[in-house]
Each structure stands twice: as structure tokens, then as C-alpha cells.
Amino acid sequence: MQIDFAIKLKDAAQPVVISSEIVDMIAFEQEHNLSISVLSDEPKVSHLTWLAWHAMHRTGKTQLDFMEWAATLEDRSEEHTSELQSPDHLVCRLLLEKK
């Protein structure tokens with residue numbers, strides 16, 4: 001299982017693409033005491049953002065803690081889209097457009 005994220009950072013011209021892996025999903029379940037299935041049942045921007053941050057942190061693409069990193073995301077509204085590509089591959093785009 002893998003979840004791919006396209007994240008728009010304030011200082012980047014293009015979205016950063018990051019893939020979460022099973023280790024990130026296990027960490028999500030431990031951190032939030034929730035099943036990873038909650039992301040397809042009732043996705044929350046905070047949960048998707050945390051999972052993307054964890055994948056970036058694990059791969060060394062950020063050394064910031066979650067709240068510091070979240071502040072580097074482009075400021076937009078709380079819209080998000082996610083589409084299920086296949087049963088084991090969820091593709092998420094955090095589209096946070098300012099209104």
C-alpha cells in the first residue's frame with residue numbers, strides 16, 4: 001500500500017511529490033490511535049498533512065517538526081481531494097486554495 005501526495009510549499013515553484021509507505025501508515029496509526037482506513041472513510045486535512053510530513057521527515061526531505069513544516073505549506077482554504085486509484089494505491093492531492 002502506498003499513498004502519493006503532491007504538496008505545494010510556499011518556496012517551491014512546483015508541488016513536491018512524496019510517497020508514504022507502510023512505515024508511515026504504522027506511525028500514523030500509533031500517533032493518532034486510528035486505523036489508516038479512516039483516510040478513505042473520513043479524510044481530514046490534518047491527517048493527510050501529517051502523513052505527508054511523516055514521509056518527508058522519514059526520507060530526510062525535512063528536519064522540521066510537524067507544526068513548523070505545516071507553516072511552510074502554501075496558505076489556502078481547507079479543501080482537499082483524494083481519489084482511489086486502486087484498492088492498494090491512494091493518490092492524494094492537498095489542494096488548499098484560498099477563497
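Which residues does Thr 62 touch, not counting residues up to four places away in sequence?

Guide: Happy to. Please keep in mind that this is a predicted model. Leaving aside residues up to four places away in sequence, Thr 62 touches Trp 53, Met 56, His 57 and Trp 69. Thr 62 itself sits in the loop between α3 and α4, the latter covering residues 66–70. Although it is a loop residue, Thr 62 is buried: its relative accessible area is 7%, and the cut-off for buried is under 20%.

Let's follow one of those contacts, Trp 53. Trp 53 is buried too, with a relative accessible area of 11%.

Now look at the rings. There are 3 aromatic pairs in the structure. In the pair formed by Trp 50 and Trp 53, the ring centres are 5.8 Å apart and the planes meet at 55 degrees, so this pair counts as tilted. Ring pairs also join Phe 28, Trp 50, Trp 53 and Phe 66 into a cluster.

Not counting residues up to four places away in sequence, it touches Asn 33, Leu 34, Ser 35, Ile 36, Val 38, Leu 39, His 47, Trp 50 and Leu 51. Phe 28 also belongs to the largest nonpolar core, which has 21 residues; Phe 28 is among those with the most contacts inside it, along with Phe 5, Ile 7, Leu 39, Leu 51 and Trp 69. Two or more residues of this core come from each of β1 (2–7), α1 (22–32), α2 (38–41) and α3 (45–58). Helix α3 supplies the largest share, 7 residues.

Finally, a word on confidence. The mean pLDDT of the protein is 78, and 75% of its residues reach 70 or more. Among the elements, α1 has the highest mean pLDDT, 95, while strand β3 (residues 81–86) has the lowest, 42. The pLDDT is below 50 over residues 77–91, a stretch with 34 contacts in the model beyond near neighbours in sequence. It is also below 50 over residues 93–99, where the corresponding number is 25 contacts. Where pLDDT is low, the predicted coordinates should not be read in detail.

Methods: Residues are numbered from 1 along each chain as its sequence is written. This is a predicted model: local features need pLDDT of at least 70, side-chain atom pairs count only at pLDDT 80 or more; totals for chains, interfaces and linings use all residues. Side-chain values use heavy atoms; hydrogens and water are left out. A nonpolar core is a set of buried Ala, Val, Leu, Ile, Met, Phe, Trp, Tyr and Cys residues joined through side-chain atoms within 4.5 Å. Buried means under 20% relative accessible area, exposed over 50%, partly exposed in between (1.4 Å probe, protein chains only). Helices (H or I, at least four residues) and strands (E, at least two) are DSSP runs, numbered from the N terminus. Contact means heavy atoms within 4.5 Å. Rings of Phe, Tyr and Trp (its six-membered ring) pair if their centres lie within 6.5 Å; planes under 30 degrees apart count as stacked, over 60 as edge-to-face and the rest as tilted. pLDDT is the predictor's confidence in each residue, from 0 to 100.
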